[in-house]
Amino acid sequence: MPCRATRWRRLVPVGIWRREVPTRRGGRARVRRPADPAPIRHPFGEPPAPGAAVELAEGVLWLRLPLPMRLDHVNVYALDDGDGWTLVDTGLDTGKTRAIWQKALAGPLAGKPVRRVCVTHHHPDHIGLAGWFQATHGATLVTTRTAWLFARMLVLDEQPRPAPETLAFWRAAGMDAALLARRAGQRPFNFADVVAPLPLGFRRIAEGDRLRLAGRAWEVRLGGGHAPDHATLWSLDDNLVLGGDQLLPGISPNLGVYATEPEADPVADWIESCTRLAARARDDQLVLPGHKLPFTGLPLRLAQLVENHHAALRRLEADLSRPKTAAETFASLYGRAIGEDEYVLALAEAVAHLNHLHRAGRILREAGPGGAWLWQAAARGQAAAAGGGP
Ligand SMILES: [Zn+2]
């Protein structure tokens, strides 16, 4: 359905995949690089074709579904529980994705029912078809309470035009006036476009819970920053880790601020999560991520995922020697031109980094003309006097 796909490409608030800039060692990173970290390796180089599966370990299958955007796929996993499957994440609800699932259900997954769908976080590429599996296969949805509440709220909250609060948020972030006027008259991205309705009822997982899947015991560890209460599952019986978008190789997930919580500091949540999860990371673990290829070398990867944001924060602070709006920081933050497709996500990520620096007292802000915040690096001493944030 081309119009749905176009809308998704243009407006989905899920991921601007910022290219990673190699950073120097040390700096402000709180996850210290292990002294002699194992490199990041991809033992499985060839992703599965649509509807096919690759067995990564006994009873653990890797499948892929397409996304109509620059990041063109999402990984999902099927875990063999003996009498049925547990799926980990589902892809978007589109005709194409449903057809690929039908092919997989009649192919590598044939002969056993889908009993459970475990969703790592509430974003559409992960939870999109969970409600469909519940409604048509009688599957139980297993996820965090925050993920369920967020997804169900957003699916029900269908808006024909951007909410006034969203327009005010974009204006405050310095969105180009012509673009703002155009967006105000357009139907925004709505979760309901690509997420199936979620029936009432789910099974909650929380920090430290244990699950039995594919003949293994798994411990639940929550992350944040990309999505609140993002579940990761750590096998206690072998080396597997289901990472969702919390543990990705090669790309850094979007940390965004939106009108729902304009003063949020997801960068702090992200750094705290990486630091906490690093205590459990081992070189030999095989991480099954939400995008890209399965990988080993998690201790190094977690250090990189933190350093990447510290480097962005340093570039941003240096760029604010004179006052700028959030939209004027794209060059220093991304190092490339931002097209209209990615603009809203880029803005969300810019505000996230500005909020973090502001809370840390490293930058100040004041209301500029036209209702946009102007951000500027704090002179030393000035930040402390200003209180360092809201
Ligand atoms: Zn994702």
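Student: Which strands make up the open sheet of 5 strands, and in what order do they stand?

Tutor: A word on the source comes before the answer: this is a predicted model. The order in the open sheet of 5 strands is S8-S9-S10-S11-S12, and the pairing is mixed. At the edges stand strand S8 (210–213) and strand S12 (286–289); each has a single partner strand, so one side of each has no neighbour in the sheet. On average, and with direction ignored, neighbouring strands of this sheet are turned by 30 degrees against each other.

Strand S10 (residues 230–235) and strand S11 (residues 240–244) run antiparallel and are joined by 2 bridges. Leu233 has Leu242 in S11 as its bridge partner. As background, strands of a sheet pair through backbone hydrogen bonds, either parallel or antiparallel.

The loop between S8 and strand S9 (216–223) contains Ala214. Ala214 is not a glycine, yet its phi is positive, at about 50 degrees. With 23 other C-beta atoms within 10 Å, Ala214 is buried, because the cut-off for a buried residue is 20 or more. Further along, Asp229 lies in the loop between S9 and S10. Asp229 is again a residue other than glycine with a positive phi, near 50 degrees. Asp229 has 20 other C-beta atoms within 10 Å and is buried.

Now for the surroundings of this sheet. The chain has 390 residues, of which 47% count as buried. Its secondary structure comes to 12 helices and 14 strands. Among contacts with a separation of 6 or more, 69% join residues 24 or more positions apart.

Another open sheet has 7 strands, in the order S1-S2-S3-S4-S5-S6-S7, also with mixed pairing. Its edge strands are S1 and strand S7 (203–204), each of which pairs on one side only. Ala57 has Val60 in S2 as its bridge partner, and Glu55 has Leu61. The hairpin of S1 and S2 has 2 residues between the strands, and in this hairpin Gly59 takes a positive phi near 75 degrees.

In general, nonpolar side chains tend to be buried together in soluble globular proteins. Take Leu347 as an example: leaving aside neighbours within four places in sequence, Leu347 is in contact with Trp170, Ala173, Met175, Ala326 and Ala327.

Just after H6, Gly174 takes a positive phi of about 85 degrees.

H11 also meets helix H9 (residues 298–319): the two axes come within 10 Å and cross at roughly 80 degrees. That angle makes H9 roughly perpendicular to H11. On the H9 side the contact is made by Ala312, Leu313, Leu316 and Glu317, and on the H11 side by His353, His356 and Leu357.

Ala99 has its place in helix H2 (residues 95–106). Ala99 has 12 other C-beta atoms within 10 Å and is exposed, because the cut-off for an exposed residue is 12 or fewer. Pro50 is 49 residues away from Ala99 along the chain, and their C-alpha atoms are separated by 9.6 Å.

How values were computed
Residues are numbered from 1 along each chain as its sequence is written. This is a predicted model: local features need pLDDT of at least 70, side-chain atom pairs count only at pLDDT 80 or more; totals for chains, interfaces and linings use all residues. Two residues are in contact if their C-beta atoms, placed from the backbone, lie within 7 Å. Helices (H or I, at least four residues) and strands (E, at least two) are DSSP runs, numbered from the N terminus. Two strands pair if DSSP finds at least two bridges between them. Axes are lines fitted to C-alpha atoms, for helices over the stretch in contact, and angles run from 0 to 180 degrees between N-to-C directions. Angles under 35 degrees count as roughly parallel, over 145 as roughly antiparallel, 65 to 115 as roughly perpendicular and the rest as oblique.
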